[in-house]
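Hi everyone, thanks for coming.

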Amino acid sequence: MKFLRFFILFFICFSVWNCTQTKKETIQPKAEPIVIKKEDEKKEPEIKKEITPSWDTLTKKNAQEFFKQYGKENKETKVLIKTSFGNIKLRLFNDTPIHRANFIFLTKIKYFDTTVFYRVAKNWVVQGGDSETAATAKFRKKYQHYRLKPEFRKKRRHRYGALAAARSIEDNPNKLSSPFNFYIVQNKKGAHHLDDEFTVFGQLISGYSTINIIAQVKGCSDEWTLSEIPLTVDFIE
């Protein structure tokens with residue numbers, strides 16, 4: 001009888017103890033939600049994209065910065081001038097980046113295709129990039145007759161076949177270039193008295209015979225041609 005009482009008491013104690021342990025094993029602390037703070041989030045690095053300037057954004061005020069950016073996006077260096085007297089191939093210099101970019105820009109918007117060779121100074125230069133047509137005037141007006149800062153380089157001299165930017169002599173102490181008017185040195189000895197006065201930004205590859213023919217076109221006493229010589233400009237490889 002004593003044994004039975006002992007067994008019942010033992011069974012009751014064991015049951016209570018086992019129940020307590022089960023609760024300890026099954027009850028877990030409440031999990032805290034994981035909160036990611038904004039400052040801890042990994043942000044994607046911002047990529048600054050260089051945007052090619054729109055053709056319509058060029059003005060007298062932003063010309064320098066416009067062509068600095070435009071030149072990065074447009075890297076052409078060889079152009080072809082076509083005339084009824086023959087073709088002229090030219091290489092544009094990378095170390096005169098603003099003038100190079102400007103010439104590329106005017107070529108791409110087909111400005112030069114509205115212009116002519118209008119001045120010949122035999123044994124000196126032939127000059128083009130202008131005309132008296134409404135189409136030429138429209139381009140100039142649209143872009144506010146902007147000017148370019150000079151880019152004089154010691155190795156870029158007025159040798160035979162040099163391509164340079166014309167400019168106004170009067171009221172132009174900073175020697176700002178015309179972006180539209182250009183000339184090519186036709187004298188075989190060069191025109192070195194123009195060095196550091198006008199920016200040289202290119203050189204003939206071929207077409208010397210063509211500029212020599214153009215230089216023979218009859219002109220007035222002030223070097224303006226009696227008959228204009230239409231031209232077009234395009235790119236070559």
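Before I count anything: helices here are DSSP runs of H or I with at least four residues, strands are runs of E with at least two, and both are numbered from the N terminus. On that basis, the protein has five helices and nine strands. Along the sequence they come in the pattern α-α-β-β-α-β-β-α-β-β-β-α-β-β.

Some housekeeping. This is a predicted model, with local features needing pLDDT of at least 70 and side-chain atom pairs counting only at pLDDT 80 or more, while totals for chains, interfaces and linings use all residues. Residues are numbered from 1 along each chain as its sequence is written, and side-chain values use heavy atoms, leaving out hydrogens and water.

Now the overall picture. I'll call a residue buried under 20% relative accessible area, exposed over 50%, and partly exposed in between, using a 1.4 Å probe and protein chains only. Of the 237 residues, 40% count as buried. A contact, for me, means heavy atoms within 4.5 Å. Among contacts between residues at least 6 apart in sequence, 73% join residues at least 24 apart.

Let's zoom in on two helices. How do helix 2 and helix 3 pack? Helix 2 covers residues 63–73, helix 3 covers residues 97–108, and they pack at an angle of about 80° with their axes 8 Å apart. Those axes are lines fitted to C-alpha atoms over the stretch in contact, and the angles run from 0 to 180 degrees between N-to-C directions. Angles under 35 degrees count as roughly parallel, over 145 as roughly antiparallel, 65 to 115 as roughly perpendicular, and the rest as oblique. So helix 2 and helix 3 are roughly perpendicular to each other.

Who's touching whom? On the helix 2 side we have Q64, F66, F67, K68, Y70 and G71, and they meet I98, R100, A101, N102, I104, F105 and K108 in helix 3. The buried residues of helix 2 are A63, F66, F67, Q69, Y70 and G71, and the buried residues of this helix pack against helix 3.

Next up, aromatics. Rings of Phe, Tyr and Trp (its six-membered ring) pair if their centres lie within 6.5 Å; planes under 30 degrees apart are stacked, over 60 edge-to-face, and the rest tilted. By this rule the count comes to 19 aromatic pairs. Take Y111 and F139: their ring centres are 5.6 Å apart and their planes are at 85°, so the pair is edge-to-face. Y111 is in the loop between helix 3 and strand 3 (116–121) and F139 is in helix 4 (residues 134–142), so this pair ties together parts that are 28 residues apart in sequence. And is Y111 buried or exposed? It counts as buried, at 0% relative accessibility.

Last stop, F201, which sits in strand 7 (residues 200–206). F201 is buried, with a relative accessible area of 4%. Leaving aside neighbours within four places in sequence, F201 is in contact with R91, L92, F93, T96, H99, F103, L163, A164 and A165.
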